[in-house]
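This report goes through one structure, part by part. Please look at the sequence and the model first.

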Amino acid sequence: MASFFASPPFLSHPKTTNIYFSSSQTPTPNSSSSQPQTAAPPPPAAVVSPKPAAATKTNTAESTDWIASTLTRRFGIGAGLAWAGFLAVGVVSEQIKTRFEVSQQLNTRDVDKEEEVVFPNGIKYYDIRVGGGSSPRPGDLVVMNVKGSEQSTGQVFLDTFGDDINDSKRKKGPLALVMGSRPYSKGICEGIEYVLRSMNAGGKRRVIVPPSLGFGEEGAEFGEAVKIPPFATLEYVIELEKVSIAPS
């Protein structure tokens, strides 16, 4: 016989009621509770350990000028700055000099046809090449190549253009002359200095000098083999290479 088991009435599960709270509502604690509810302590603040600051890499330019460093250590920063200023002036002056040299080369030109120019004092000249550099002033140092001869005989008494160092008339390299200085170098006369005032660096000129601005009534002797007679007219070829400030 089949037996049917049923839950007794008093064992039935009680009906439960679910209460839901909205996000904006907070449930009210039961005041009848025997144990008071204490508020939960706030969570401890998070301790953030500060990160060590990244080392700043400083690019320090190491001085390659040991002279400036030595002067600074020994005599103070003033001496080091003075040396640095001296070097800076040197660099600038070299740049200026280079620009002048480039300008001189660009403005120098050969003359197609020689034309005679006569100064009031009787000097004649013929430009072979017109220079593009500066003109010498009193006190300036000029560097030039010179060839001098006695006009009537053609005898050469000075030549810096030639390469034959065994010839007593030929000299190694160009001549240097400080404008306005005396006495003149061997073979140079007053007429040469007068002509240089109207030349520009890089120029080349053929010059005829009268006796009054040459060696005059006394003439000149350049060794036993070369003698310039009195009242001789001189002929020069002058090439003005450089004009600069004379060293003090």
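Does R206 count as buried, partly exposed or exposed? With a relative accessibility of 24%, R206 counts as partly exposed, where buried means under 20% relative accessible area, exposed over 50% and partly exposed in between (1.4 Å probe, protein chains only).

## Basis of the report

This is a predicted model, in which local features need pLDDT of at least 70 and side-chain atom pairs count only at pLDDT 80 or more, while totals for chains, interfaces and linings use all residues. Residues are numbered from 1 along each chain as its sequence is written, and side-chain values use heavy atoms, with hydrogens and water left out.

Helices (H or I, at least four residues) and strands (E, at least two) are DSSP runs, numbered from the N terminus.

## Salt bridges

A salt bridge is a side-chain nitrogen of Lys or Arg within 4 Å of a carboxyl oxygen of Asp or Glu. The structure holds six salt bridges. In one of them, E235 and R206 meet through their side chains, at 3.4 Å from N to O. This pair links distant parts of the chain, with E235 in strand β10 and R206 in strand β7 (residues 204–209), 29 residues apart. A network of salt bridges links E114, R206 and E235.

Another salt bridge joins E239 to R129, whose closest N and O atoms are 2.6 Å apart. Here too distant parts of the chain are linked: E239 belongs to strand β10 (residues 234–245) and R129 to strand β3 (residues 124–130), 110 residues apart. E239 counts as buried because its relative accessibility is 16%. The side chains of E193 and R182 also form a salt bridge, at 3.1 Å from N to O. E193 is in helix α3 (residues 190–196) and R182 is in the loop between β6 and α3, eleven residues apart. E193 counts as buried, at 4% relative accessibility.

Strand β6 (residues 175–178) has L175 and L177 on a covered face, and A176 and V178 on an uncovered one. In a regular strand, side chains alternate between the two faces of the sheet.

Strand β4 (residues 140–150) runs antiparallel to β6, and four bridges join the two; strands pair if DSSP finds at least two bridges between them. M144 stands opposite L175 in β6.

## The largest nonpolar core

A nonpolar core is a set of buried Ala, Val, Leu, Ile, Met, Phe, Trp, Tyr and Cys residues joined through side-chain atoms within 4.5 Å. The largest one has 32 residues, and M144, F157, L196, F215, L234, Y236 and I238 touch the most other members. Two or more residues come from each of β4, β5 (156–159), β6, α3, β7, β8 (220–222), β9 (226–228) and β10. The largest share, five residues, is from β10.

What does L234 touch, not counting residues up to four places away in sequence? With contact meaning heavy atoms within 4.5 Å, L234 touches S149, F157, C189, V207, I208, V209, G214, F215 and I228.

## Aromatic pairs

Rings of Phe, Tyr and Trp (its six-membered ring) pair if their centres lie within 6.5 Å; planes under 30 degrees apart count as stacked, over 60 as edge-to-face and the rest as tilted. The structure holds six aromatic pairs. The pair of F119 and Y125 is tilted, because the ring centres are 5.3 Å apart and the planes are at 35 degrees. F119 is buried at 16% relative accessibility, and Y125 is buried with a relative accessible area of 11%.

The pair of F157 and F215 is edge-to-face, because the planes are at 70 degrees, with the centres 5.8 Å apart. F157 lies in strand β5 and F215 in the loop between β7 and β8, so this pair ties together parts 58 residues apart in sequence. F157 counts as buried at 4% relative accessibility, and F215 is buried with a relative accessible area of 18%. Ring pairs link F157, F215, F222 and Y236 into a cluster.

## Two loop residues

T160 lies in the loop between β5 and β6 and counts as buried, at 5% relative accessibility. The side chain of T160 makes a polar contact with the side chain of N145, at 2.9 Å. A polar contact is a pair of N or O atoms within 3.5 Å; within protein, one must be able to donate a hydrogen and the other to accept it, and residues adjacent in sequence count only if both atoms are side-chain atoms. A polar atom of the T160 side chain also lies 2.8 Å from the backbone nitrogen of V146.

G203 is in the loop between α3 and β7 and counts as buried, at 2% relative accessibility. G203 and V130 are 4.6 Å apart in space, C-alpha to C-alpha, and 73 residues apart in sequence. Leaving aside neighbours within four places in sequence, G203 is in contact with R129, V130, G131, I238, E239 and L240.
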